[in-house]
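I opened my notebook to look up aromatic rings and what they pair with.

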Amino acid sequence: MANSRSELSAIATARMILRHRRILLSVTRVELAKRYSGSAFGLAWVFLYPALLLSIYLFVYLVIFKMRFPGYSEMDYTLFVFCGLIPYMGFMESMTVGALSIKQNVHLIRNVMLPIELIPVRAVAVGLVTQSVALVILFGLALTNNSLSVHLLWLPVVILLQALFLIGLVLVVSALAVALPDVSYFVNLGVLFLMFISPIGFKPDMVPAGFAPLIYLNPVHYMTDAFRSSILSNHVIDIANLGIYALICIFTFALGTAFFRRFKDVLMDHE
Amino acid sequence: MSDLIVKAVNLGKTYRLYAKPHHRFLDMFGLLRNNNGAFTEHHALDHVNLEIRRGEKVAFIGRNGAGKSTLLKLIAGVAQPTTGTLEVSQGAHALLQIGSGFHPDFTGRQNSLSYLAHLGITGTEAQAKLENIVDFAELEEYIDQPTKTYSTGMVTRLMFATSTVIEPELLILDEILGVGDAYFSNKSFDRIREMCAGGRTTVLLVSHDIYSASRISDRMVWLDGGRVIADGPASNVMKAYEDSIRVQEESRLRRKARMNMALMQQNNPGIRWLKVDIRSLTNMPMNGPLFVSEIKLQLRDHILFADLSDEGLGKAAALEGVTAARWGHFTELEGVICREMRNYGTPLHRASVLLPIPDGIDRITLENGSLGIRYLSQADSALELIAYGAGFQSNPGSLPESHGKWTDHVISLSENSSLPGKNDSILGGATIHGTNDILITSVRSFDDTGSETLMFQHGAAMSLEIGFEIRNPQLNQTADLLVGFHRDGITDVCRFFTPDLRFDASSAPVGVVKMKISKINLANGTYTASLTLAKAGYYADNPAIFYAINPDVYTCLSRVLEIQIHGGDLVASGAGVVGEATWQVVPGKLPEKHKNLIVKEVG
């Protein structure tokens with residue numbers, strides 16, 4: 001604690017998370033149990049929820065919209081959509097839950113039970129659990145379709161970068177939402193809007209030239225691309241895109257942690 | 001020093017209270033450049049110096065808003081100081097807020113384990129702690145039920161047990177002592193005491209209840225207005241604090257007594273002011289605003305003008321106990337400076353002005369006077385004028401329509417003026433009734449040393465001095481005086497009665513009735529006193545007419561004096577009156593015939 005002032009915020013925060021990894025693991029488990037406590041299926045929802053959610057999207061894209069790319073089988077298209085949708089689910093959940101995380105868990109800070117930074121991190125961890133379960137379903141589907149890529153080995157790195165990206169974002173919005181609750185409404189709307197303009201059900205090159213910046217300025221585009229590169233064998237790998245993805249994630253983490261360090265001292269005054 | 005746990009030097013904490021939510025947001029980012037009423041500052045702590053060593057048990061005492069909780073928050077690291085430095089050794093565990101964080105759908109077991117998980121306690125260690133928790137909270141049968149099915153007491157017990165199962169280096173407790181019923185409360189004291197028995201745990205606690213705080217702490221810090229007033233051994237600080245509370249309580253009672261005395265003075269014949277109300281005759285909202293440029297009182301050789309300035313109207317509003325102004329700003333209408341009586345903003349549809357009455361004007365002069373008002377209204381409403389003074393009321397009548405032109409209207413005050421002396425007034429919680437033939441002008445209370453006070457020791461002497469003034473010059477009567485003490489303003493718990501006081505207007509038109517109680521047997525608590533002075537035989541005859549309008553009642557002052565009794569031991573707490581009796585132990589057997597009244601043998 002004492003020497004962390006001189007350290008870079010990003011490194012100090014990363015160290016702090018590592019030091020508390022055991023607590024983080026157990027509180028994430030508790031948080032998940034809390035979410036589904038009192039329900040008949042209990043923790044089975046951790047699997048059921050993503051499975052049902054994916055089925056709904058599948059039904060909408062394949063049966064109602066009847067979207068198909070030339071040269072793609074039905075299954076190919078399904079896998080393409082899921083590769084975008086699943087990381088977006090993780091993004092969406094982390095952002096919406098994370099924005100309110102500090103405001104709703106003030107008692108943890110008051111009673112000095114968790115370092116304040118760990119609360120947004122916990123929200124991201126919970127969000128990534130749902131995503132991970134969905135990914136396992138996806139692997140199963142890809143395996144039956146024979147389209148699982150050997151680059152799968154890189155997936156942990158992609159997810160780690162995604163986690164950094166989300167932690168950086170959530171640290172900022174959760175701190176802002178303490179002072180101004182309106183922020184969480186903006187986050188919910190923003191996440192919804194991003195879902196429609198991000199290349200989840202369509203390919204970036206299907207977008208009219210005039211709207212191209214909407215794709216290339218959208219960090220979600222690089223995220224979905226990285227997931228597809230490491231999971232799908234029929235996906236064309238663009239090294240530049242992967243580089244940009246890594247940079248965005250690390251930069252967002254550095255920015256978010258620096259922002260949070262700057263404001264965490266006054267945060268509780270505003271609660 | 002290595003065993004210094006907390007060291008605060010010139011510690012200060014300032015909170016900003018914002019006018020609008022977005023000001024808070026802007027200020028967080030330093031974007032609130034100049035403070036144009038966007039926030040006000042509140043100094044919760046101001047230059048606090050403090051050193052706390054390992055193993056000390058320190059209680060912070062003081063009134064609400066003294067800064068106790070803020071100080072604990074700073075020490076816990078939950079908030080950051082604005083000025084000064086604060087060094088706290090690691091290992092603090094705070095219980096600043098009990099009663100949150102438990103999920104209603106989780107079972108007691110799950111909630112406890114989840115709490116421990118947040119502190120990094122898992123696995124077999126957590127299981128061992130859980131046993132301790134369940135045992136302490138006495139919830140064996142319910143621990144696997146969701147906490148939403150628990151009673152409030154059960155949840156509190158579980159929370160307390162869970163949050164005190166760990167042994168931190170520094171334990172910070174904010175108002176969490178004495179939870180649950182008396183039995184559990186004692187148990188929780190023992191638990192805290194055990195925790196710090198080893199001398200390793202330092203305890204800082206805040207409690208409004210200084211007596212329970214003193215059961216745990218050996219050192220007390222008294223905070224007031226964000227500053228340390230006293231810091232030292234618990235017994236010394238507690239005594240100083242108690243004394244100060246007593247002084248504050250005494251001055252509060254005195255303020256209240258002064259108000260009641262003022263009411264009695266007001267009841268005297270001299271009329272010092274006349275309040276003139278303009279109000280809606282039907283109590284319906286007015287059709288439009290009424291503009292008033294002048295209200296004047298014409299007496300025999302005086303013309304008095306009402307003060308229509310903010311100050312004058314403020315006084316009138318204060319007299320009524322209403323602060324809302326029903327008068328608009330000054331405006332100019334057809335070349336006349338006037339003020340608008342609004343037809344909105346109050347459900348009362350009434351506005352008042354105050355006319356100060358100079359000395360030497362008596363009721364007769366006043367009744368022969370007349371009231372003049374100059375007004376204009378575009379949409380006329382049914383309005384009336386009423387004039388009030390101490391012991392005087394006149395309903396001069398309604399205002400004619402002005403048809404949008406400045407109109408002068410003069411009304412005689414003798415119209416409908418009420419009977420002199422027959423007056424009930426209500427102010428500050430006390431009420432006065434009666435014919436006022438004999439007027440009680442003051443009530444003062446003294447302790448056994450003869451000094452005036454409103455706080456009495458249980459069992460000590462007390463005397464009352466009741467000032468009177470006979471207003472009926474023909475009066476020569478024996479009167480009954482009854483002094484009643486009621487607890488919490490409702491039930492009379494004790495009455496003192498004398499039937500034989502002589503009042504003779506010719507020999508003693510003014511005087512004092514002295515009453516001495518050699519021993520107050522009233523139990524600890526707050527009492528209000530009421531005095532009723534009535535014609536001799538009033539009580540014996542059991543009158544059929546309600547006392548407030550009974551012509552035999554000279555003066556009835558209700559709730560005019562508020563006193564406090566303290567210092568009685570356990571015997572005098574919770575009781576109404578502590579009785580006295582003579583006791584004797586008589587040797588020998590109980591007579592045979594009484595035996596079966598007391599003990600019924602079974603079988």
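I began with an aromatic cluster in chain A: A:Phe69, A:Tyr72, A:Tyr77 and A:Phe80 form one. The model is predicted, I noted.

I then counted aromatic pairs over all chains, and the count comes to 16. I took A:Phe69 and A:Tyr77 next. Their ring centres are 5.0 Å apart and their planes stand at 90°, so I wrote this pair down as edge-to-face. The cut-off for that label is over 60 degrees. I also looked up burial: A:Phe69 and A:Tyr77 are both buried.

My next pair was A:Phe259 with A:Phe263. I found 4.9 Å from centre to centre and 50° between the planes, and this pair is tilted.

Where do A:Phe259 and A:Phe263 lie? I placed both in helix α11 of chain A, residues 239–267. They are four residues apart there, so about one helical turn separates them.

Are A:Phe259 and A:Phe263 buried or exposed? I looked up each one. A:Phe259 has 19% relative accessibility, and it counts as buried because the limit is under 20%. A:Phe263 is at 6% relative accessible area, so I put A:Phe263 down as buried too.

Last, I turned to chain B for charges over rings. B:Lys13 has its charged end over the ring of B:Tyr15, at 5.2 Å from the ring centre. B:Arg339 has its charged end over the ring of B:Phe330, and here I noted 4.6 Å to the centre.

Terms used. Residues numbered from 1 in each chain as written. Chains lettered and ligands numbered in written order. Predicted model: local features only at pLDDT ≥ 70, side-chain atom pairs only at ≥ 80, totals over all residues. Heavy atoms only, no water. Phe/Tyr/Trp six-rings, centres within 6.5 Å; stacked < 30°, edge-to-face > 60°. Buried < 20%, exposed > 50% of the residue type's maximum accessible area, 1.4 Å probe, protein only. Helix = DSSP H or I, 4+ residues; strand = E, 2+ residues; numbered from the N terminus. Lys NZ or Arg CZ within 6 Å of the ring centre and 35° of its normal.
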